[in-house]
Amino acid sequence: AGRIDTRHTHGTGCTLASACAAGLAQGLTLEAAVARAWAYVQEAIARAPGLGGGHGPLDHAWPLRGKA
């Protein structure tokens, strides 16, 4: 994936790991779980709300609002 020019990336590692674990718990293969997690985190970074003056959080709830 291409780089997203943003400083709002706080929590990306934890989010990616949790999303991978969730996919595995749902019975996905490792490859499918990682691919889905990666796509989720990429979109969460792209939709970051821009909070704070430093490295702000991702938009973890973007799937609840649907794709733009």
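This is a predicted model: local features need pLDDT of at least 70, side-chain atom pairs count only at pLDDT 80 or more; totals for chains, interfaces and linings use all residues.

Trainee: Which residues in α1 meet which in α2?
Mentor: From α1 you have Thr12, Thr15, Leu16, Ala19, Cys20, Ala22, Gly23 and Leu24, and they meet Leu30, Ala33, Val34, Arg36, Ala37, Trp38, Tyr40, Val41 and Ile45 of α2. Contact means heavy atoms within 4.5 Å, and helices are DSSP runs (H or I, at least four residues) numbered from the N terminus.
Trainee: And by class?
Mentor: The contact of α1 with α2 has 13 nonpolar, three polar and one charged residues. Ala, Val, Leu, Ile, Met, Phe, Trp, Tyr, Cys and Pro count as nonpolar, Asp, Glu, Lys and Arg as charged, and the others, Gly among them, as polar.
Trainee: At what angle do α1 and α2 pack?
Mentor: About 140 degrees, with the axes of α1 (residues 12-25) and α2 (residues 30-46) 8 Å apart. Axes are lines fitted to C-alpha atoms over the stretch in contact, and angles run from 0 to 180 degrees between N-to-C directions.
Trainee: New topic: how many helices and strands does the protein chain have?
Mentor: Three helices and zero strands, in the pattern α-α-α along the sequence.
Trainee: What box do the C-alpha atoms fill?
Mentor: Roughly 40 × 25 × 20 Å, taken along the principal axes.

Notes. Residues are numbered from 1 along each chain as its sequence is written. Side-chain values use heavy atoms; hydrogens and water are left out. Helices (H or I, at least four residues) and strands (E, at least two) are DSSP runs, numbered from the N terminus.
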